There are 2 protein chains.
Amino acid sequence: MAQTQTLSKNQKIILDIIEKAKEPLKAYSILFNVQKKGIKAPLQVYRALAKLIKLGKIHKVESRNAFVACQNSNCEISKATAFSICETCEKVTEISDQKLSKYLKNFHDKTGMIYKKYNLEFYGLCTTCKRS
Amino acid sequence: MAQTQTLSKNQKIILDIIEKAKEPLKAYSILFNVQKKGIKAPLQVYRALAKLIKLGKIHKVESRNAFVACQNSNCEISKATAFSICETCEKVTEISDQKLSKYLKNFHDKTGMIYKKYNLEFYGLCTTCKRS
DNA sequence: TAACAAACGTTATATTATAACACTATGATA
DNA sequence: TATCATAGTGTTATAATATAACGTTTGTTA
């Protein structure tokens, strides 16, 4: 909550749009949507996105180059993201599964590498598309 | 093996370069590397990449827009990819961990969605960069 | 209020990826 | 062997995604 206050004008505008969207938004579609509010250049959007990602407010769906609001009340979960993506309708849902995140947070490979973050994307058919 | 035979000329050239590379290659760096072999346009590269991905010969590292040869003797593992990525030196390694892949293949969310594929990317510090 | 960090605005440009169209090879199969 | 489908090719143009570089403004804090 306190963190919300520290958002800048552009960051607020852009977070707002992403939170209200029902699907992941692309950077240039965000740009188009905020032009009436005075944000004119891609860089203004990308800068806000970068900050919001850092804060855990939003995530990037890497395979789609799109951005979604965090559904898990941000914080450290921003370093541990998992999505399910329907390849038919492109619906994207953030997975919030304690067991899964615990499993992945504790995962270590054989080399001894230190993992600070992960991003997992599942692709498949959502229940709606499965039926049709 | 039999599958290797079915690769087209361009597909072979591009697979060859990716297999010989020690790191993930970007599409346009591949393009640059194959221009002497007569491949002149981005689309020729992207088409070969798409086919090679379909065959499981290579994978795309989504967060880096880069392509690596599959280390797990391709096949169905192409639908189940996991990478470790060093955020300092950008070294990328394909993770081959039976337990992990079994766990993820069996993962089901609450909605009943069918997962056909997944891609997991861990980010952190490799053992070399950890020391310095 | 000086000094610094973070955010801003702007122009230009780099990077990644696909559309559209015409042509060519390959290998069934009738 | 004609012909049909499928996959691949080559090319031009363009779309979509993202960052560099510069100078200015704002907000915090010593």
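In what order do the 6 strands of the open sheet with mixed pairing run? The order is 5(A)-4(A)-6(A)-6(B)-4(B)-5(B). Strands here are DSSP runs of E with at least two residues, helices are runs of H or I with at least four, and both are numbered from the N terminus. Two strands pair if DSSP finds at least two bridges between them.

A bit of housekeeping before going on. This is a predicted model, where local features need pLDDT of at least 70, side-chain atom pairs count only at pLDDT 80 or more, and totals for chains, interfaces and linings use all residues. Residues are numbered from 1 along each chain as its sequence is written, chains are lettered from A and ligands numbered from 1 in the order in which they are written, and side-chain values use heavy atoms, with hydrogens and water left out.

Within chain A, strand 4 (residues 80-86) and strand 6 (residues 114-125) run parallel and are joined by 7 bridges. A:Thr81, for one, stands opposite A:Asn119 in strand 6 of chain A.

Each chain also puts a helix on this sheet. Helix 5 (residues 98-105) of chain A lies across strand 4 and strand 6 of chain A plus strand 6 of chain B, at about 135° to strand 6 of chain A. Helix 5 (residues 98-105) of chain B touches strand 6 of chain A together with strand 4 and strand 6 of chain B, and its direction makes about 135° with strand 6 of chain B. Contact here means heavy atoms within 4.5 Å.

**Chain A on its own**

Chain A has 6 helices and 6 strands, running α-α-β-α-α-β-β-β-β-α-β-α from the N terminus. Its C-alpha trace spans about 50 × 40 × 25 Å along the principal axes. The chain splits into domain 1 (2-69) and domain 2 (75-131), with bounds that come from an automatic or database domain assignment.

Another open sheet is made of 3 strands of chain A in the order 1-3-2, with antiparallel pairing. Strand 1 (25-26) and strand 2 are its edges. Strands 2 and 3 pair over 4 bridges, and A:Ile58 has A:Ala69 in strand 3 as its bridge partner. Helix 2 (residues 9-20) of chain A packs on this sheet, touching strands 1, 2 and 3, at about 85° to strand 3. Helix 4 of chain A lies across strand 2 and strand 3, at about 110° to strand 2.

**Two interfaces**

Buried area is the accessible area (1.4 Å probe) that two parts lose on being put together, summed over both. A salt bridge is a side-chain nitrogen of Lys or Arg within 4 Å of a carboxyl oxygen of Asp or Glu.

| Interface | Buried area | Share from carbon and sulfur |
|---|---|---|
| Domain 1 and domain 2 of chain A | about 840 Å² | 54% |
| Chain A and chain B | about 3100 Å² | 63% |

Between the domains, the C-alpha centres lie 21 Å apart, and the contact takes 12 residues from domain 1 and 13 residues from domain 2 of chain A. A:His59, A:Val61 and A:Arg64 supply 54% of the area domain 1 buries against domain 2, more than any other three residues. A:Arg64 also forms a salt bridge with A:Glu90, the closest N and O atoms being 2.7 Å apart.

The contact takes 34 residues from chain A and 34 residues from chain B. The rule finds 2 salt bridges across this interface; among them, B:Lys117 and A:Glu87 have their closest N and O atoms 3.3 Å apart. Strand 4, helix 5, strand 6 and helix 6 (127-131) of chain A each give two or more residues to the side touching chain B. The largest share, 12 residues, comes from strand 6 of chain A.

How values were computed
Axes are lines fitted to C-alpha atoms, for helices over the stretch in contact, and angles run from 0 to 180 degrees between N-to-C directions.
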